[in-house]
Amino acid sequence: MTLARTLLSATTLMAAGPLAAEASEKRIFMDIGAVSALHDRGEQIGRQTLEFGAGIEIDVQEATVYGAFYRLLPVGDQRAAFEDEADFILGVAWGGHGYSADVSANWLTYPGEDADSSLEVVGAVTLEAPFAPTLIGFYDTDLKDWGLEFAAGPEWALGDWTLSAIGRAGFVQPGDDSAHRSYAGIELAAARPVSEFVEFGFFARADTADEASFAHRFGNGEVTSFRNSGIAAGISLAFIR
């Protein structure tokens, strides 16, 4: 799990964009969110979950260099079935004629869990075209997992609100030779400013995969059965200055 894959979802990206455009060369950003279920790359990695991310970005010539910390904390009755996670991110973003790009290194850790830490490299390219088509790729240098995701969708203004609909599709190839997973989903989101530097957002999403990778039933602190689809909703507060 990385900051780009979670907190920088539709609500946060809509919130950060206008604020960042008005900010100075050095920016501090923070996001706090709560979700009913946490979906990532065609699987459920959390039920009720709190998320926190914070970092700093600095403009260096034609690029923006950033560092960030991300934390997810499962809560609720079924929290024992999912892993805590704390990630450390270092990346660079830049733009060119008709596109923008982002590459980051993400050190993924799992405090108090049996899972080993790993280093994941993530890259994304977004075209300056209708529906902002975006291609995202990742590779875990320790687990050897890799995958690609394509996302696109419209965005429009309604009063003080910015609304969006994002469709996504992708696949994950695990490094341990377990089953390949293909997935697709849609996300509806809305965000609006609540002060000069803070925006509030909420979203709802539905995802499906060709593998049973979404929690269905729980027992004794574990997921006892899975299904091929899931829905989730959440809220967030984004701050950038």
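Good morning. R181 and E43 form a salt bridge, with their closest N and O atoms 3.7 Å apart; the term denotes a side-chain nitrogen of Lys or Arg within 4 Å of a carboxyl oxygen of Asp or Glu. Since R181 belongs to strand β13 (residues 181–193) and E43 to strand β3, the pair ties together parts 138 residues apart in sequence. Strands here are DSSP runs (E, at least two residues), numbered from the N terminus.

A word on the source. This is a predicted model, in which local features need pLDDT of at least 70 and side-chain atom pairs count only at pLDDT 80 or more, while totals for chains, interfaces and linings use all residues. Residues are numbered from 1 along each chain as its sequence is written, and side-chain values use heavy atoms, leaving out hydrogens and water.

How do the two partners differ in burial? R181 counts as buried because its relative accessibility is 11%, whereas E43, at 29%, counts as partly exposed. Buried means under 20% relative accessible area, exposed over 50%, and partly exposed in between (1.4 Å probe, protein chains only).

In total, the structure holds 10 salt bridges. Another one joins E187 to R205, with the closest N and O atoms 4.0 Å apart. E187 lies in strand β13 and R205 in strand β14 (residues 198–209), so this pair ties together parts 18 residues apart in sequence. Both E187 and R205 are buried. These two also belong to a network of salt bridges with E149, R168 and D207.

Thank you for your attention.

Conventions
Helix = DSSP H or I, 4+ residues; strand = E, 2+ residues; numbered from the N terminus.
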